[in-house]
Amino acid sequence: HMNAALNINTRHLGNCHAAGQAKIISYHHNSIARMELCRLQGIEYSPKSLFAEIDDVFLPNIFAVLGKQGEINDLYQMLIAKVPKLASIVNKKAALTERMNDYAVKSVDLVATHARQVKDLNTAHVRQVVAMNVEHARRVVEMNAKHA
């Protein structure tokens, strides 16, 4: 593990922030590596222990990093550990209002689309009826001419 950490430092020479981020992704956000480090240090491993202690303010950035570079299992474990806190900080009224506004916009769009389709169908129907009446009138005139 020391060699791997030194290799990360070498790859990110001169950029300690990038090196630190790479090491965190490689070790702390990788459940297999974290389990091995805990075993080496004689610490009991728990997949939820790391994630439960992370401040909620950092969650969006951590989720983004884990989603791009981490394992799906790690992201899932983090979500399990954080869902109760996330549920308590979400502004449910604002979220519901936003969803209702989205549905209202979709509803207006659907009503407009429906009205346009009904108009188009009515126009097509009227044209067919007119064409049928013209054809009927032509046949009546033709029949009257034959019988006259």
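The protein chain has 7 helices and 0 strands. Helices (H or I, at least four residues) and strands (E, at least two) are DSSP runs, numbered from the N terminus. Read from the N terminus on, the order is α-α-α-α-α-α-α.

This is a predicted model, in which local features need pLDDT of at least 70, side-chain atom pairs count only at pLDDT 80 or more, and totals for chains, interfaces and linings use all residues. Residues are numbered from 1 along each chain as its sequence is written, and side-chain values use heavy atoms, with hydrogens and water left out.

**Confidence**

pLDDT is the predictor's confidence in each residue, from 0 to 100. Its mean over the protein chain is 78. Of the residues, 64% reach 70 or more. Confidence is lowest in helix α4 (residues 47–52), at a mean of 58. It is highest in α7, at 92.

**Burial, contacts and surface**

The protein chain has 148 residues, and 17% of them count as buried. Buried means under 20% relative accessible area, exposed over 50%, and partly exposed in between (1.4 Å probe, protein chains only). A contact means heavy atoms within 4.5 Å. Among contacts with a separation of 6 or more, 45% join residues 24 or more positions apart.

The accessible surface of the chain comes to about 11600 Å². Carbon and sulfur atoms hold 63% of that surface. Accessible areas come from the Shrake-Rupley method with a 1.4 Å probe; for residues, only the protein chains shown count as cover.

Histidine 12 is found in the loop between α1 (2–11) and α2 (16–28). Its relative accessibility is 25%, so histidine 12 counts as partly exposed. Leaving out residues up to four places away in sequence, histidine 12 touches Ala18, Ala19 and Ala22. Histidine 12 and alanine 22 are 10 residues apart along the chain, and their C-alpha atoms are separated by 8.8 Å.

Val126, Val130 and Val134 make a nonpolar surface patch of about 260 Å². Patches are made of residues with over 30% relative accessible area and no salt bridge: like charges are joined within 9 Å, nonpolar side chains (Val, Leu, Ile, Met, Phe, Trp, Tyr) within 5 Å. Valine 130 lies in helix α7 (residues 92–147). With a relative accessible area of 46%, valine 130 is partly exposed.

Side chains of opposite charge can pair when their charged atoms come close. A salt bridge is a side-chain nitrogen of Lys or Arg within 4 Å of a carboxyl oxygen of Asp or Glu. By this rule the count is 3 salt bridges.

| Pair | Closest N and O atoms |
|---|---|
| Arginine 138 and glutamate 135 | 2.4 Å |
| Glutamate 135 and arginine 139 | 3.1 Å |
| Glutamate 142 and arginine 138 | 2.9 Å |

Arginine 138 and glutamate 135 both lie in helix α7, 3 residues apart, about one turn of the helix. Glutamate 135 and arginine 139 are 4 residues apart in helix α7, so about one helical turn separates them. Glutamate 142 and arginine 138 are also 4 residues apart in helix α7, again about one helical turn. Through shared partners, the salt bridges join Glu135, Arg138, Arg139 and Glu142 into one network.

Accessibility is known for several members. Arginine 138 is partly exposed, with a relative accessible area of 40%. Glutamate 142 counts as partly exposed at 39%. Glutamate 135 is partly exposed too, at 29%.
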